[in-house]
Amino acid sequence: MSKEVLTLEHMARVEGHGQVKVSIKEGVVESVQMQIDEPARFFESMVRGRRFDEIPYIASRICGICSANHVITSLLAIEQAFGVKVSERTRMLRELLVYGSYLQNHATHLYVLAAPDYLKQQSIFPLADANKELF
């Protein structure tokens, strides 16, 4: 009885660090496990001792893809700490920003992170040379 485990230790073009494990027994795939870890960035230590109005600007740098969501989250934490209740209009504008962020994130993934794979390129940079009109 032969069993083999194939492991891809580093998966590119995902947010975080990814790996895939495939277990094969007697030529049949038994299981496939995908794991993506988002490591701690310790931004809490960077904002310690800062003024509360500086925190959203710092939090927006946590990630280059979903910066708007980090700003909203930091604002919610500050408001909760101070007992601030925002208007319905502010809540709705923030919700609209988050939905816009979803669209931006999906477009970034499709056109920057995944497009090279679909078009058989090593990265987005050779794609710019290979297909200027598409780029």
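Predicted model: local features only at pLDDT ≥ 70, side-chain atom pairs only at ≥ 80, totals over all residues.

**Strands, then helices**

Mentor: Start with β1 and strand β2 (residues 17-25): they run antiparallel and are joined by 7 bridges. Strands here are DSSP runs (E, at least two residues), numbered from the N terminus. Pairing takes at least two DSSP bridges between two strands.
Trainee: What stands opposite Thr7?
Mentor: Lys21 in β2 does.
Trainee: What order do the strands have in the sheet?
Mentor: β1-β2-β3, an open sheet of 3 strands with antiparallel pairing. The edge strands, β1 (3-11) and β3 (28-37), each pair on one side only. On average, neighbouring strands are turned by 10 degrees against each other, direction ignored.
Trainee: Switching to helices. At what angle do α3 and α4 cross?
Mentor: Roughly 150 degrees, with the axes of α3 (residues 67-82) and α4 (residues 88-118) coming within 9 Å. That makes α3 roughly antiparallel to α4 (angles over 145 degrees count as such). Axes are lines fitted to C-alpha atoms over the stretch in contact, and angles run from 0 to 180 degrees between N-to-C directions. Helices are DSSP runs of H or I, at least four residues.
Trainee: Which residues make the contact?
Mentor: From α3, they include Ile72, Leu75 and Leu76; from α4, Leu97, Val98 and Tyr102 are among them. Contact means heavy atoms within 4.5 Å.

Technical notes. Residues numbered from 1 in each chain as written. Heavy atoms only, no water. Parallel < 35°, antiparallel > 145°, perpendicular 65-115°, else oblique.
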